[in-house]
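Student: I have not seen this structure before. Please take me through a few of its residues.

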Amino acid sequence: MIVKWGINIIGLWLLFAPHFCWGQFPGLQLVEGKKQADISYSSINNLILINSQTKQDTLTFILDTGVKNTILFTRDIQGITLDENRLVNIRGVSSEQEIQANIAYQLYLDFGSFEGTIPQVLIPILATNPITEHLGIEVDGIIGSDFFLNYQVKINPVRQKIYVGKDLEPPKNARLARLYLEEGKPHIFIHPTHGDSLAVLIDSGASHPLLLEMDSLQSHLPAHYIETEIGSSLGGILWGYQSRLPEIGLADYSIEDILVNFTHEYSFQELPTGQKRHGSIGMELLKRFTILYDYPNERLYLKKNSYFSRQFRCNQSGINLVAKGPDLHIFYISSLVKDSPAEQAGLQADDILLRIQGIDASEWELSSILALFESGSGKKISLEILRNQQKLSYEIILTHLL
């Protein structure tokens, strides 16, 4: 797959038994006497990672506007009450297979001056966590509408800061757009160069720039595209196509030469406007703006930042990787793009990387390897791999596939 960092995390979840009694606890609140909380975050694979102190541990969450329910990947947290006998079924956009999840109650989270108890969370029953494998770091959970519903939230990707408050000032000269909330998830309209406006989910838990249902555009797929993995969630791998669009409009901004993923699997969910949801915009696009989310008033403010004019770069090797092992430093090739430099060189799925550019693979982070694969057409990459207990050496030359 030639996607930013080699894999997109798709944070779209459907809850099939949503009979929860929300509001039993206050949820996240600013601490008394504080008008604003300032929260620092880190970013891997474009995603926003925030740390919360529980009664016992420090937990790492993906901040994800694309989910309603807070999700935990660990059960060993002091203070929560786990209902072993109550199960719900959840699934992601990337899989028709449902996953069972337990319900847990009273998860206390502390993001500094923004803290409180989440009434109910979901804990998927998983053998392994594919989110962790595709990011190359341990992630303890995903938090979405519980973070956004009652306050304004401003995100500055350049400073990697989040601001939470009741009366936040929009960024100076920001452009205002209407938000449409559906089950606690925000949507907005985008405007392709050709065709009608499209309603899309604002999905900060996805690393892609833009994901569209295959038939969203009147002309369907652009003329030049590749078939590849386009995402991953707890539901599995999402396959589809990747291409570029010359231009889209977002809140009166013109976004040029944007990478777009296309899928047949996306949900045409109906929004309050009567429109159908045609896809989602993710963090590779969202990070180009300082954004003020105002869920209570259904408004969104965007101001372009220093990332705005950066090219939408993609993996030029054709290698999709996952990280496994206790320290997430065993790197497997999960798949290859057809006719890509890696496939033409003879690499295969399930090969294990041993050395990269002459350096032992254990000294690399997954994000650094994938950044190397984006580093420029014509660059030579040397790889030593393990296949069926045999060590083999390859050299690939990065090539623009799109």
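Tutor: N129 lies in the loop between β10 (114-124) and α1 (130-135); helices (H or I, at least four residues) and strands (E, at least two) are DSSP runs, numbered from the N terminus. This is a predicted model, where local features need pLDDT of at least 70 and side-chain atom pairs count only at pLDDT 80 or more, while totals for chains, interfaces and linings use all residues. Residues are numbered from 1 along each chain as its sequence is written, and side-chain values use heavy atoms, with hydrogens and water left out.

Student: Is N129 buried or exposed?

Tutor: Buried means under 20% relative accessible area, exposed over 50%, and partly exposed in between (1.4 Å probe, protein chains only). The relative accessible area of N129 is 15%. Therefore N129 counts as buried.

Student: Which residues is N129 in contact with, leaving aside its neighbours within four places in sequence?

Tutor: Contact means heavy atoms within 4.5 Å. With those neighbours left aside, the residues in contact with N129 are F73, V139 and L234.

Student: Where is I291, and is I291 buried or exposed?

Tutor: I291 belongs to strand β23 (residues 289-294). Its relative accessible area is 3%, so I291 is buried.
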